[in-house]
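Work through the exercises below with the model open. Each task is followed by a stepwise solution.

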Amino acid sequence: MSRLTQAERDALPDSAFALPGRRYPIPDKSHARDALARASEFYHRGELSDEEYETIVRRAREVLGEDE
């Protein structure tokens, strides 16, 4: 995954994040794929709600150009 510097992350609009609070940046396909992997990991550890997980998956798939 490509890394975002703090300045790059700060410059992203809120719409470039999968969750409120500027969580799970998904400005490009690389970050969207990583968000899917991290969300799955955190969801299975009980650290994301069903709604948060579904939102991340939906938003990341939009960036990846995948229709459900």
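**Exercise 1.** Which residue forms a salt bridge with Glu66, and how far apart are the closest N and O atoms?

Solution. This is a predicted model: local features need pLDDT of at least 70, side-chain atom pairs count only at pLDDT 80 or more, and totals for chains, interfaces and linings use all residues. Residues are numbered from 1 along each chain as its sequence is written, and side-chain values use heavy atoms, with hydrogens and water left out.
- Apply the criterion: a side-chain nitrogen of Lys or Arg within 4 Å of a carboxyl oxygen of Asp or Glu.
- The partner is Arg61, at 3.9 Å.
- Check accessibility: Glu66 has a relative accessible area of 41%, and Arg61 has 31%.

**Exercise 2.** Locate the salt bridge between Arg23 and Glu52.

Solution. 
- The N to O distance is 3.3 Å.
- Arg23 lies in strand E2 and Glu52 in helix H3 (residues 50-64), so the pair ties together parts 29 residues apart in sequence.
- Helices (H or I, at least four residues) and strands (E, at least two) are DSSP runs, numbered from the N terminus.
- Arg23 is partly exposed at 33%; Glu52 is partly exposed at 23%.

**Exercise 3.** Examine the phi angles of Arg22 and Tyr24.

Solution. 
- Most residues other than glycine have a negative phi.
- Arg22 has a positive phi, near 55°. Arg22 sits in the loop between strands E1 (17-19) and E2 (23-25).
- Tyr24 also has a positive phi, about 60°. Tyr24 belongs to strand E2 and is buried at 15% relative accessibility.

Note on methods:
Buried < 20%, exposed > 50% of the residue type's maximum accessible area, 1.4 Å probe, protein only.
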